[in-house]
Amino acid sequence: MLATAFGSIHSALHSSAASIAGNVLLLLAVVLWLGLGYRVHRDARRRIDDGWLVVLSTALGFGIPFVGPVVYMLFRPPETLADVHAREVEMRALRGRLLQATPHCPVCLTDVESNYVVCPVCTTRLREQCSRCDSPLDPLWQACPYCATPVTAGTTSNGTVVPFVADLDAALTAEATQLSD
């Protein structure tokens, strides 16, 4: 009876259905191995800048089935090259903001806010005010950005508005010297 049990197991394992199932499983294992190797190659290209290291990672992914991709996952860089680039751009922008000079009064050198019209310490006039909405205006502006009123030099005795003619070269030179201080 024992011989017939082992005989039936033997015949089941060596049947055509079992050999087809074994071949399908072997084919799936090979496809999975090649897919993992390709995935390692694509991921290495996104994360590693050196071409030789990409080739080495790809060889590891394809060379050692199923273990190579796991080893690559343990030692791969944590960030993609795009993430590194974005972080560097953001850090450069933050450094630029930190290095930007804070506005200060040209007379007493007190730190002032960008929207102050006069210095609170020495009362030096820092900016002009819009004639319509009283917002502080930059010397280079030709119109108020808040209410779209043209910047004017004032009014004449009969009430007509005299347009402000700015010397843009002088204003740009003054701004450049102020930023370099």
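Tutor: Helices here are DSSP runs of H or I with at least four residues, and strands are runs of E with at least two, numbered from the N terminus. The model is predicted.

Student: Between which two helices is the loop that holds Phe 66 found?

Tutor: Helix α3 spans 51-63, and helix α4 covers residues 68-75.

Student: Is Phe 66 buried, partly exposed or exposed?

Tutor: Phe 66 has a positive phi of about 65° although it is not a glycine. Its relative accessible area is 37%. Buried requires under 20% and exposed over 50%, so the class for Phe 66 is partly exposed.

Student: Which class of accessibility does Thr 123 have?

Tutor: Thr 123 is also not a glycine, and its phi is positive, about 60°. Thr 123 sits in the loop between α5 (81-99) and β1 (128-129). Its relative accessibility is 58%, over the 50% cut-off, so Thr 123 is exposed.

Student: What separation do the C-alpha atoms of Val 70 and Leu 36 have?

Tutor: Val 70 belongs to helix α4 and is partly exposed at 48% relative accessibility. Leu 36 is 34 residues away from Val 70 along the chain. Their C-alpha atoms are separated by 9.5 Å.

Student: Is Asp 43 buried or exposed?

Tutor: Asp 43 lies in helix α2, residues 16-47. Its relative accessibility is 2%, under the 20% limit, so Asp 43 counts as buried.

Student: With which residues is Asp 43 in contact, leaving aside its neighbours within four places in sequence?

Tutor: The side chain of Asp 43 has a polar contact of 3.0 Å with that of Arg 47. A polar contact of 2.8 Å links the side chains of Asp 43 and Tyr 72. With neighbours within four places in sequence left aside, the contacts of Asp 43 are Tyr 72 and Arg 76.

Student: How many disulfides does the structure hold?

Tutor: Cys 119 is buried, at 1% relative accessibility. Cys 147 is in no disulfide either, with the nearest cysteine sulfur, in Cys 130, 3.5 Å away. The number of disulfides in the structure is zero.

Technical notes: Residues are numbered from 1 along each chain as its sequence is written. This is a predicted model: local features need pLDDT of at least 70, side-chain atom pairs count only at pLDDT 80 or more; totals for chains, interfaces and linings use all residues. Side-chain values use heavy atoms; hydrogens and water are left out. A disulfide is a pair of cysteine sulfur atoms within 2.5 Å. Buried means under 20% relative accessible area, exposed over 50%, partly exposed in between (1.4 Å probe, protein chains only). A polar contact is a pair of N or O atoms within 3.5 Å; within protein, one must be able to donate a hydrogen and the other to accept it, and residues adjacent in sequence count only if both atoms are side-chain atoms. Contact means heavy atoms within 4.5 Å.
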